[in-house]
Amino acid sequence: MKIHEYQAKQLFAAAGVAVPEGVVAKTADEAADAFNQLGGEIAVVKSQIHAGGRGKGRFKEHPDQAGVVLVRSADEARENAERMLGSTLVTLQTGEEGKTVNTLYVEAGLDIARELYLGVIIDRESNSPVLIMSSEGGMEIEEVAKDTPEKIFREPVDVGLGLQKFQARKLAYKLGLDVEAVRSAEKFLPTLCNFFLENDCSVTEVNPLVVTTDGQLVALDAKVTFDDNSLFRHQFEELRDLSEEEETEVRAAQAGLSYVKLDGNIGCLVNGAGLAMSTMDLIKLHGGEPANFLDVGGGANVDQVTEAFRIILADDNVQAVLVNIFGGIMKCDTIVDALLTAYEKVGFTVPLVVRLEGTNVELAREKLSTSGKDDIITATDLTDAAQKVVATLTS
Amino acid sequence: MSILVNEETRVITQGITGRAGLFHSQKCREYGTPLVGGVTPGKGGTKIDGFPVFDSVADAVEKTGANASMIFVPPPFCGDAIMEAADAGIKLIVAITEGIPVLDMAKVMPQLKEHDCRLIGPNCPGIITPGIAKIGIMPGYIHQEGNVGLISKSGTLTYEAAWQLGNIGLGQSTAIGIGGDPIIGSTFIDLLEMFENDPGTESILMIGEIGGNAEEQAADFIKANVTKPVAAFIAGVTAPPGRRMGHAGAIIARGAGTAAEKIAALQAAGVEVAESPADMGAAVQRAIANRS
């Protein structure tokens, strides 16, 4: 689960992680007020969307307007905010369609001496969180890793003990921080790692992390993603911005389905994540384009299959649907019952190709063939299924 | 011969009084697995469908001689259940549970090491040595006895592969689902090593997917250490970056963990990579033919 920068910074502040002073603005007037409230000579107006690259991003409606701007007066804050709010910001990470900006964060300017990179992620090799820092603040860490890996430093974060002060100093010395900043790092880095651990984050990234001219570490940006598996033990629900999520994906999650919308025109309904992914691959291999990833899970019932079909068909791009089920513990005939009921309830308008294999497949095929629904196309194996569904688009 | 599961295996189920726990315990027993009991704290001393229930894993081990555990405990309590099993001296733990917080797994891992305990999963279908025993939720009849070692991150894709192998007369020595989470107990490399050393295994099929770099590491390991023919399939060639594809670990995070990288690494290590999920069985045949 992703949250906005301003939410992450509010959580940071509460946890004792240093952030610049900032005010949330939902209207242009609020942005102007925010500038006055902060009281400085400069402020930064930042678009709040769940994607990076905002500074270099531009608005569809205002091609000269950047997603993050430095302003020197309340009027300037208001004028920029007018162009930004309600407009569509396109960055390297949003894709061409961009994202609508509904919220701005107006932040006090800082006297910056240095910009660093900081990220805490789960390292799959050491099975532990790891703190990654680099002297190249503001740069994409992947680029730095590729071009100048010697500028990246890592320290493991013990899940029980957190980050120790000596580890913070170790990193600070490697980064060449001066005495004052090393002292600041001794507090900042362990506090930030504790934030990661206490909130079950899967990513906490601060890019840039700045060192101010008086030697203090401050989080100038904040990107926080929580581990979806641990949401049950936190109260993060009010931080969720549903406008940032695909409506159908939210709906799918509520029905216990795992769904990801894609750009193609062949809808897929599959059991199991691996099989669902490879069904997409198979469609592509045979010249089609998958419209979605959809895993109905191991125990799909009539309601879930019905909802799955509705979600797939709600996508106007979908011109055919492929059902690929390998019945394990879930019996194929049970799936067919659900399928037939759902087929009737939903009212199909596009071709449906069904491939079944596994437990009770004979019974399932018989049920399908005697159902009177002759417009359902059956397939014998994976390749046959992919060819048939692609053929429905060209015939 | 086989790996991990054999005639000596004695299994208990943690979470046996839950719906899934009981159902799959019954299925394992039907398959022939020596399932000697279960654990549900607070229900010790009772019986469920003939299975004795114990309050603790330690108690179950003492009374039944169990040496393996299959875990169905719900996600919030699963990390604790794994650590309890390790502490009680269980040497093989199979965690079926999906949805364990990743930091819980980070806490579990050092404990496993300390107790010299092997964990399969979490978020996996389990292990089967066809004809002998299964510890998991896979349908037994799909897996025929044979000499292909099967390792997979995905459940239904494993069934698909076992079915394809069966159709061309290739059974499995042992088939293992390692799970699709970011932190897992056993990796491709752990199991590749076991299969390489298992006289009952003559070839290996590994099924990976996008996310992380376990497949690339496996490729390096194969190149240096595996003499048996290896085939592979990688799911997610068409997966978009930055989106989690069902499994918690199946995500291309900012350019890393793509299927293309994994396929290239495996091919460079001499692995026969299936071009589609329909080609997994045939890829094993080609891998074997290439060696003879």
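Trainee: At roughly what angle do the axes of helix α1 and helix α6 of chain A cross?

Mentor: Keep in mind that we're looking at a predicted model. Find α1 at residues 5-15 and α6 at residues 179-198, both in chain A. Their axes come within 10 Å, and the crossing is right-handed.

Trainee: Which residues of α6(A) does α1(A) meet?

Mentor: Start on the α1(A) side, where you'll want to pick out A:L11, A:F12 and A:A15. By class, this contact has 5 nonpolar, 1 polar and no charged residues. On the α6(A) side, the partners are A:T191, A:L192 and A:F195.

Trainee: Let's zoom out. How many helices and strands does chain A have?

Mentor: Chain A has 395 residues, and its C-alpha atoms fill a box of roughly 80 × 45 × 40 Å along the principal axes. Count up its secondary structure and you get 12 helices and 19 strands.

Trainee: What separation is there between the centres of domain 1 and domain 2 of chain A?

Mentor: First, the bounds: the domain assignment puts domain 1 at 21-108 and domain 2 at 112-237, with domain 3 at 246-394. Domains 1 and 2 do touch, with 4 residues of domain 1 in contact with 4 residues of domain 2. Taken over C-alpha atoms, their centres are separated by 26 Å.

Trainee: What share of the contacts in chain A join residues at least 24 apart?

Mentor: Here we look at contacts between residues at least 6 apart in sequence. Among those in chain A, the share joining residues at least 24 apart is 68%.

Trainee: Now for one residue. Is A:E357 buried or exposed?

Mentor: Look for A:E357 in strand β18, which covers residues 352-358 of chain A. Its relative accessible area is 7%. The cut-off for buried is under 20%, so with 7% A:E357 counts as buried.

Trainee: Which residue of chain B is A:E357 in contact with?

Mentor: Leave aside the neighbours within four places in sequence, and the contacts of A:E357 include A:I325, A:F326, A:G327, A:C332 and A:T380. A:R365 is on that list too, and its side chain makes a polar contact with the side chain of A:E357 at 3.1 Å. Another polar contact of the A:E357 side chain, at 3.5 Å, reaches a side chain in chain B.

Note on methods. Residues are numbered from 1 along each chain as its sequence is written. Chains are lettered from A and ligands numbered from 1 in the order in which they are written. This is a predicted model: local features need pLDDT of at least 70, side-chain atom pairs count only at pLDDT 80 or more; totals for chains, interfaces and linings use all residues. Side-chain values use heavy atoms; hydrogens and water are left out. Helices (H or I, at least four residues) and strands (E, at least two) are DSSP runs, numbered from the N terminus. Buried means under 20% relative accessible area, exposed over 50%, partly exposed in between (1.4 Å probe, protein chains only). A polar contact is a pair of N or O atoms within 3.5 Å; within protein, one must be able to donate a hydrogen and the other to accept it, and residues adjacent in sequence count only if both atoms are side-chain atoms. Contact means heavy atoms within 4.5 Å. Axes are lines fitted to C-alpha atoms, for helices over the stretch in contact, and angles run from 0 to 180 degrees between N-to-C directions. A crossing is left-handed if the near helix is turned anticlockwise from the far one by less than a right angle, and right-handed if clockwise. Ala, Val, Leu, Ile, Met, Phe, Trp, Tyr, Cys and Pro count as nonpolar, Asp, Glu, Lys and Arg as charged, and the others, Gly among them, as polar. Domain bounds come from an automatic or database domain assignment.
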